[in-house]
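Subject: Structure handover and findings

Hello,

Here is the structure I said I would pass on. My notes on it follow below.

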Amino acid sequence: MPLYLSRFSYTPETWARLIGHPEDRAKAARSYIESVGGKLHGFWYAFGTHDGYNLWEAPDNVSMASVALAISGGGALSSFETTVLLTVDETLDALRQAERIQYRAPGA
């Protein structure tokens, strides 16, 4: 199954609610991805541009997109970005296929 890396940031209101009532949000994230047949591999908070990161495994892009849309539509986050991760073998396959594509630069 494909892997996905998500970066998220909470709204100030969400942080205020968590300060008042701390909870393990990894449990919630796990339930969301498992509802589409996937798995949560990790949930981390961070300092910096984003408040946290998730590593997910999902059956396909549509399944992951449905989880991302549900989370994004919930109103607790100010940002949520997901990146599809490729294995080394998938990248090698893409490199081999790229060699066969006859790319032409604009204006060339």
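Which residue in β3 is the bridge partner of Phe-43? It is Asn-54. Before the rest, please keep in mind that this is a predicted model.

Strand pairing

Strand β2 and strand β3 (residues 52-57) pair in the antiparallel sense, with six bridges between them. The two form a hairpin with six residues between the strands, and in it Gly-48 has a positive phi near 125 degrees.

Strand β3 also pairs with β1, again antiparallel and over six bridges. Within that pairing, Phe-8 has Gly-52 of β3 as its bridge partner. On β4, the partner of Tyr-10 is Leu-77; β1 and β4 run antiparallel and are joined by eight bridges.

Six of the eight residues of β1 are buried, so the strand is largely enclosed by the rest of the structure. Ser-9 is a residue of this strand, and it counts as buried because its relative accessibility is 8%, below the 20% cut-off. Leaving out residues up to four places away in sequence, Ser-9 touches Thr-49, His-50, Asp-51, Leu-77, Ser-78 and Ser-79.

Nonpolar core

The largest nonpolar core has 17 residues, and the members that touch the most others are Ile-33, Leu-40, Phe-43, Trp-56, Met-64 and Phe-80. Two or more residues come from each of β1 (3-10), α2 (25-34), β2 (39-45), α3 (61-72) and β4 (77-85). Helix α3 gives the largest share, four residues. In soluble globular proteins, nonpolar side chains tend to be buried together.

Which residues does Met-64 contact, once its neighbours within four places in sequence are set aside? They are Tyr-4, Ser-6, Ile-33, Trp-56, Ala-58 and Thr-82.

Salt bridges

The count of salt bridges comes to three. Side chains of opposite charge can pair when their charged atoms come close.

Arg-7 counts as buried because its relative accessibility is 16%, whereas Glu-81 is partly exposed at 35%. Arg-7 is also among the contacts of Glu-81, which include Leu-5, Ser-6 and His-50 when residues up to four places away in sequence are not counted. From C-alpha to C-alpha, Glu-81 is 8.3 Å from Ala-68, and the two are 13 residues apart in sequence.

Another salt bridge joins the side chains of Arg-25 and Glu-23, at 3.0 Å from N to O. Arg-25 is partly exposed, with a relative accessible area of 26%. Glu-23 is partly exposed as well, with 47%.

Asp-93 and Arg-96 make up a further pair, their closest N and O atoms being 3.3 Å apart. Both belong to helix α4 (residues 88-99), and because they are three residues apart there, about one helical turn separates them. Asp-93 counts as partly exposed at 41% relative accessibility, and Arg-96 counts as partly exposed at 47%.

Surface

Which residues form a nonpolar patch on the surface? Trp-15, Ile-19 and Tyr-45 do, and together they have about 330 Å² of accessible area. Of these, Tyr-45 is found in strand β2. Its relative accessibility is 40%, so Tyr-45 counts as partly exposed. Strand β2 is also one of the elements that give two or more residues to the core.

Regards

Key: Residues numbered from 1 in each chain as written. Predicted model: local features only at pLDDT ≥ 70, side-chain atom pairs only at ≥ 80, totals over all residues. Heavy atoms only, no water. Core = buried A, V, L, I, M, F, W, Y, C linked by side-chain atoms within 4.5 Å. Buried < 20%, exposed > 50% of the residue type's maximum accessible area, 1.4 Å probe, protein only. Contact = heavy atoms within 4.5 Å. Salt bridge = Lys/Arg side-chain N within 4 Å of Asp/Glu carboxyl O. Pairing = 2+ DSSP bridges. Patch = residues over 30% accessible without salt bridge, like charges linked within 9 Å, V, L, I, M, F, W, Y side chains within 5 Å. Areas by Shrake-Rupley, 256 points an atom, 1.4 Å probe, with all protein chains shown as cover.
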